[in-house]
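Subject: Structure handover and findings

Hello,

Here is the structure you will be taking over. My notes follow below it.

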Amino acid sequence: MPIIKIEDVSYKYSKDLVLEDVSLHVPQGAFLAIVGPNGSGKSTLLKLVLGVLKLQKGNVELFGKPIRQFKDWQKIGFVSQKANSFNSGFPATVFEVVQSGLTKKIGLFKIPRKEHKKKVVKALESVGMLSFKDRNIGELSGGQQQRVFIARSLVSEPELMILDEPTVGVDQNNVQQFYEILEMMNKQLGITLILVTHDVATVTDKVTHVACINKTLHFHGDACEYNELNEEELSSIYGHGVQLLSHNH
Amino acid sequence: MISGILQYEFLQNAFLTGLIIGALAPLIGVFVVVRRMSMIADALSHVALAGIAFSLLLEKNFIAMAGLNPLYMGMTFSVVGSLFIEKLRNVYKHFKELAIPIILSSGIGLSAIFISLANGFNTDLYGYLFGSVSAVSRTDLQLIIVVSIFVIITLVLLYKELFLLSFDEEHAKASGIPSKVIHFIFIVMVALVIAASMRIVGILLVSSLMTIPVAASLRFAKGFKQMIFYSVIFGEISVISGLFLSYYLDLAPGGTIVMLTVLILVLSILIGKIKTRFA
């Protein structure tokens with residue numbers, strides 16, 4: 001059973017059609033990269049999957065349940081472009097930030113216990129940030145901060161993790177290390193990953209599947225097939241997308 | 001003053017109230033500051049003033065109302081004011097800060113009307129504006145104790161939700177935290193703490209006791225818990241020494257306390273500068 005089933009999804013912002021008849025299945029254990037140029041509708045697709053936007057046409061199923069009935073949001077971790085939603089002057093230690101990822105799991109009116117603190121330590125260990133646990137989050141570099149945000153998602157033990165351009169603002173030296181952490185999460189912890197990126201070259205040797213979106217789904221297959229695409233086909237995906245016909249599916 | 005505290009009930013009241021709000025105001029102030037709501041505290045304190053003025057007006061005109069503690073009315077007004085702020089923030093989604101001047105000026109406007117209806121200023125009101133050591137009654141103290149117990153328990157129970165909402169509201173919403181309900185409870189608590197603190201520091205200066213100790217600890221705190229700890233310490237130092245100074249020098253306690261918080265703030269900025277220069 002696929003973890004995510006997207007069927008014939010279209011979406012319009014007022015009159016602009018940003019997604020058209022997109023269908024995509026994400027099998028359990030996959031490491032899927034969704035690539036596409038700016039404004040190609042990939043963020044919209046993510047928002048639909050996360051339930052932030054309401055479906056207009058088509059269906060989305062998460063863990064075998066229609067999205068409208070889906071309640072288990074704890075199974076899904078989300079890492080955004082950190083710059084969007086975080087004030088770097090905020091006086092919080094790395095430990096406190098990661099522990100905040102357990103808020104929902106611990107439950108309303110309850111106080112974190114020892115077992116929760118242990119989980120925080122474990123999550124920090126797996127992203128290699130344990131030695132920074134008492135530092136203020138604002139003092140860290142972009143790449144380190146993003147690893148902390150990965151740990152914040154990881155700590156609630158999600159089965160699926162969605163990352164929206166997580167390497168924006170991370171310097172090139174650290175990007176590679178960042179992807180290695182993602183690969184480890186996918187292979188060793190068995191977490192299904194969806195990575196939205198325009199950094200195609202860096203990811204193709206790490207991911208298992210690639211989906212190219214530019215309003216419609218242009219390509220969906222495993223990473224090897226993607227690497228075999230010839231130049232003409234690639235430029236048709238990234239080039240002047242909107243005039244193109246869907247193919248290669 | 002120490003012997004006075006043992007001797008006079010009014011000094012005991014003032015001292016105990018000071019101890020409580022010296023911790024309570026900066027404690028909730030930490031969340032107020034990191035949620036960028038510092039100005040809301042100001043707006044609500046002016047609405048509380050309208051409540052106090054209304055209560056004093058009733059007291060003057062209706063004998064039956066004479067026994068009513070003005071703090072109740074102040075508290076009621078500031079809680080209602082907090083509800084209006086929330087409402088207005090939803091009406092003007094793209095200009096949320098508009099809610100603050102609207103509520104603040106409504107508060108002052110109402111106060112002015114009530115004061116003029118009561119035929120002018122009276123000494124009681126002066127104490128509410130700038131704080132007073134002698135005016136804290138036993139019933140004030142009891143009410144303040146009840147409010148502070150309620151606020152502290154709520155803060156402990158909702159600590160992690162408030163932290164997440166302050167740090168990353170988008171993430172809080174995405175992970176299914178009932179953000180609206182928690183925000184609502186929070187703003188009601190702010191209103192309660194303002195009403196509880198105004199007896200000592202005065203309405204015009206309440207928001208500074210909530211924000212300045214936090215501003216000082218923001219200069220060097222490592223992490224959120226440490227920031228709370230230092231804010232409370234700074235609040236207590238300012239309130240306790242402010243009460244002593246104002247008692248001996250016959251000054252308004254509100255002003256003295258606030259200027260002490262400012263002094264601590266200046267010192268913490270200077271120490272920070274010196275440290276970075278020599279580090």
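First a definition: helices (H or I, at least four residues) and strands (E, at least two) are DSSP runs, numbered from the N terminus. With that in hand, just after H12(B), Asp250(B) takes a positive phi of about 55 degrees.

This is a predicted model, in which local features need pLDDT of at least 70, side-chain atom pairs count only at pLDDT 80 or more, and totals for chains, interfaces and linings use all residues. Residues are numbered from 1 along each chain as its sequence is written, while chains are lettered from A and ligands numbered from 1 in the order in which they are written.

**Chain B overall**

Chain B has 13 helices and zero strands. Its radius of gyration is 19 Å, close to the 19 Å that the globule rule gives for 279 residues, so chain B is as compact as a globular protein of that length. (The radius is taken over C-alpha atoms; the rule is 2.2 Å times the number of residues to the power 0.38.) The C-alpha trace of chain B spans about 55 × 50 × 30 Å along its principal axes.

Of the 279 residues in chain B, 50% are buried. Buried means that 20 or more other C-beta atoms lie within 10 Å of the residue's own; exposed means 12 or fewer, and partly exposed is in between, with C-beta atoms placed from the backbone. Two residues are in contact if their C-beta atoms, placed from the backbone, lie within 7 Å. Among chain B contacts between residues at least 6 apart in sequence, 76% join residues at least 24 apart.

H12(B) has 26 residues and reaches 37 Å from its first C-alpha to its last. That is close to the 38 Å expected at 1.5 Å a residue. The expected span is 1.5 Å times one less than the number of residues.

Phe10(B) lies in helix H2 (residues 9–34) of chain B. Phe10(B) counts as partly exposed, with 16 C-beta neighbours inside 10 Å. Setting aside residues up to four places away in sequence, Phe10(B) touches Ser134(B) and Val136(B). Its C-alpha is separated by 38 Å from that of Leu270(B), 260 residues apart along the chain.

**Where the chains meet**

The interface puts 20 residues of chain B in contact with 20 residues of chain A. On the chain B side, helices H8 (159–167), H9 (169–174) and H12 (224–249) each supply at least two residues. H8(B) gives the most, with five residues. By class, this side of chain B has eleven nonpolar, four polar and five charged residues. Here Ala, Val, Leu, Ile, Met, Phe, Trp, Tyr, Cys and Pro count as nonpolar, Asp, Glu, Lys and Arg as charged, and the others, Gly among them, as polar.

**Chain A: strands**

Two strands pair if DSSP finds at least two bridges between them. Four strands of chain A form an open antiparallel sheet in the order E2-E1-E4-E5. Strands E2 (16–27) and E5 (65–66) of chain A stand at the edges, each with a single partner strand, so one side of each is left without a neighbour in the sheet. Within this sheet, five bridges join E1 (residues 2–13) to E4 (residues 57–62) of chain A, running antiparallel. Ser10(A) stands opposite Lys57(A) in E4(A).

Then look at E7 (residues 160–164) of chain A. Five of the five residues of E7(A) are buried, so the strand is largely enclosed by the rest of the structure. Leu160(A), Ile162(A) and Asp164(A) point one way, and Met161(A) and Leu163(A) the other. Four bridges join E7(A) to E6 (residues 76–79) of chain A, in parallel. The partner of Ile76(A) is Leu160(A). Five bridges join E7(A) to E8 (residues 192–197) of chain A, also in parallel. There Ile162(A) has Ile194(A) as its bridge partner. The chain crosses from E7(A) through helix H6 (residues 172–187) of chain A to E8(A), a right-handed β-α-β crossover. Right-handed means that, with the strands pointing away from the viewer, the path from the first strand over the helix to the second runs clockwise.

**Chain A: single residues**

Ala201(A) sits in helix H7 (residues 200–203) of chain A. Ala201(A) is exposed, with 6 other C-beta atoms within 10 Å.

Best wishes
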